[in-house]
Amino acid sequence: MADPDCIFCKIVAGELPATIVDEDERTIAFMDIAPATRGHALVIPRRHARDLLEIGAEDLQAAILGAQRLAGRARERLAADGVDLLNACGAAAWQTVFHFHIHVIPRYEGDPLRLPWTPGAGGGADDIAAAAAALHAGS
Ligand code: AMP
Ligand code: ZN
């Protein structure tokens, strides 16, 4: 179940230190070691899953609920003005640790984060329609 080479599995097992801020039967949440903003935390399933496409439905549900709990606390206790959730699935999508995790990133008015895409760079109306046809559940 655990991957012996996975640093997040080692955190789950207590073999690597982490500052845990939330846990339940299926998940733990701990502070990101290199925070993007004050309060940046990661929610992970206890059971190893590589990414969004591999994680089981119950663990995914538990992880998103954990992210919701932390988002609420960031608003209430850190006075965050907003919260971003981020999940990177695959190296091309910036994933660097291959144990599923949801970043919970508190946002503050005037913080240094910037939108990581240029609106519209993914194509025009024809591209949208072609991608939609490929993505449609009925395809
Ligand atoms: P990602 O690039 O989406 O895979 O995110 C991996 C995140 O894990 C990064 O934000 C790292 O700062 C964070 N990270 C890596 N190692 C640790 C660690 N030992 N404890 C806490 N956070 C970590
Ligand atoms: Zn793991």
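This is a predicted model: local features need pLDDT of at least 70, side-chain atom pairs count only at pLDDT 80 or more; totals for chains, interfaces and linings use all residues.
**Exercise 1. Find the residue in S3 that stands opposite Met 31.**

Solution. Met 31 stands opposite Ala 41 in S3. Strands here are DSSP runs of E with at least two residues, and helices are runs of H or I with at least four residues, both numbered from the N terminus. Next, look at the strands themselves: S2 (residues 27–31) and S3 pair in the antiparallel sense over 5 bridges, where pairing requires that DSSP finds at least two bridges between two strands.

Residues are numbered from 1 along each chain as its sequence is written, chains are lettered from A and ligands numbered from 1 in the order in which they are written, and side-chain values use heavy atoms, leaving out hydrogens and water.

**Exercise 2. Decide whether the residues of S3 are buried or exposed.**

Solution. Take buried as under 20% relative accessible area, exposed as over 50% and partly exposed as in between (1.4 Å probe, protein chains only). Ala 41, Val 43 and Pro 45 point one way, Leu 42 and Ile 44 the other, and all are buried. With 5 of the 5 residues of S3 (residues 41–45) buried, the strand is therefore largely enclosed by the rest of the structure.

**Exercise 3. Work out the strand order of the open sheet.**

Solution. The order is S1-S2-S3-S5-S4, with antiparallel pairing. At the edges lie S1 (20–23) and S4 (82–86), each pairing on one side only.
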